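Please look through the sequence and the model below before reading on.

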Amino acid sequence: MIVCCYNSALRLEQTLFHLANQKFSKPINWEVILVNNASTDNTVEIATIGWKKHFCESANFRIVEQPISGLSNARKKGVDVAKFDIIVFCDDDNWLQEEYLEIAYDIMTEKPDVGALGGNGIGVADVEFPEWWDDYKGDYAVGKQAEGSGYINSRGYVWGAGMVTRKKLFLKCFTAIYPSLLTGRNGEILSSGDDSEFCFRLLLLNYDLYYEEKLLFTHYITENRLTLDYNEKLLKGHLDAYSILYKYKKILDFKNKNFIQKCIHLLKICRQLVEKCLSRTGANKMRIMEELYLNLKFDFIPCDIDYKKILRFRKAAMKS
């Protein structure tokens, strides 16, 4: 269990309470690692007092420091020091239902093909949700991630909130040579997409994504995050990440085509190149050439550095 914290003092009480009250029908070894990610408030003090207050004798609790800001850096630190292979990322405002860890453990044990497992988020706030809430709650990791339990590879991702994965896979997907192309949340900067990038890398390595509707967590959302201004910043963070995530999707889409589909697609691209290239601007010509290179060779694309990085990562990770 990894809880990443940045100035989390006002949110940790209920999070720790729900972790300490996990119930098990069988013995399971587990731990709680709280990563203090460059906090400037009394997060560490509150965490120490809170865990003692809600003491759980079945789990070891420890606090580690990650002075380099950014959610992806905090998660990497937590994974590095974790003792066990199955990892649960619990945000500092996530309240896990009391059977969460046992359900997660059972699924990950029974399904070794699953690289990332996601659950069902329930939104709660101290104020009334705004009228636009139902249309945008998914951006806050609230709601169902699928119609029912099962594999959701076609969705492409599970939320980072409450995500369950494996230490060996996380360390394989993000290395010093092939780091994340997205930073995730960084202090008050609402960057996003690092959890989706992790899922795309898992899919590139032929692991599956799974959704379990019985895996429930409550997402506590403070009043300041329910303003239109915050929502616009959140959506901008998603949009900024899309330029990178789109390239993962393009590679995966082509990878999953059969031979005939690939040939048909290549013929269409070549026809587009012949019919439209002469009338396009330089930028649009480049996009056509990028897709042609990608589909024809499925190799390093000389005109786009991000495609290079993604394909080099896959080639290296598949060998390891």
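Helices (H or I, at least four residues) and strands (E, at least two) are DSSP runs, numbered from the N terminus. Counted in this way, the protein has 11 helices and 9 strands. The model is predicted, so that local features need pLDDT of at least 70 and side-chain atom pairs count only at pLDDT 80 or more, while totals for chains, interfaces and linings use all residues. Residues are numbered from 1 along each chain as its sequence is written, and side-chain values use heavy atoms, with hydrogens and water left out.

Burial is judged by relative accessible area: buried means under 20%, exposed over 50%, and partly exposed in between (1.4 Å probe, protein chains only). Of the 320 residues of the protein, 48% count as buried. Contact means heavy atoms within 4.5 Å, and among contacts between residues at least 6 apart in sequence, 78% join residues at least 24 apart.

A nonpolar core is a set of buried Ala, Val, Leu, Ile, Met, Phe, Trp, Tyr and Cys residues joined through side-chain atoms within 4.5 Å. The largest such core has 41 residues, and those with the most contacts inside it are I2 and L209. At least two residues of this core come from each of β1 (2-5), β2 (30-36), α3 (71-81), α6 (167-173), α7 (194-204), β9 (208-220), α8 (228-255) and α11 (305-319). Another core lies apart from it and has 32 residues, among them C56, L117, V164 and F217. When neighbours within four places in sequence are left aside, the residues in contact with L209 include A116, Y151, I152, V158, C199, L202 and L203.

Two packed helices are described by the angle between their axes and the distance between the axes. Here axes are lines fitted to C-alpha atoms, for helices over the stretch in contact, and angles run from 0 to 180 degrees between N-to-C directions. The axes of α7 and α8 come within 10 Å and cross at roughly 20°. Angles under 35 degrees count as roughly parallel, over 145 as roughly antiparallel, 65 to 115 as roughly perpendicular and the rest as oblique, and α7 and α8 are therefore roughly parallel to each other. Their contact is made by S196, E197, F200, R201, L203 and L204 of α7 together with L245, Y248, K249, I251, L252 and K255 of α8.

Some single residues complete the picture. I107 lies in helix α4 (residues 100-110) and is buried, with a relative accessible area of 8%. Not counting residues up to four places away in sequence, I107 touches L117, Y210 and E212; I107 and L117 are 10 residues apart in sequence and 8.4 Å apart in space, C-alpha to C-alpha. D306, which lies in helix α11, is buried as well, with a relative accessible area of 16%, and beyond its neighbours within four places in sequence D306 is in contact with L181, I244 and K247.

Which residues other than glycine have a positive phi? One of them is A141, where phi is near 60°; A141 lies in the loop between α5 (133-136) and β7 (150-151) and is buried, with a relative accessible area of 9%. N206 also has a positive phi, of about 70°, although it is not a glycine. N206 is placed in the loop between α7 and β9 and is partly exposed, with a relative accessible area of 46%.
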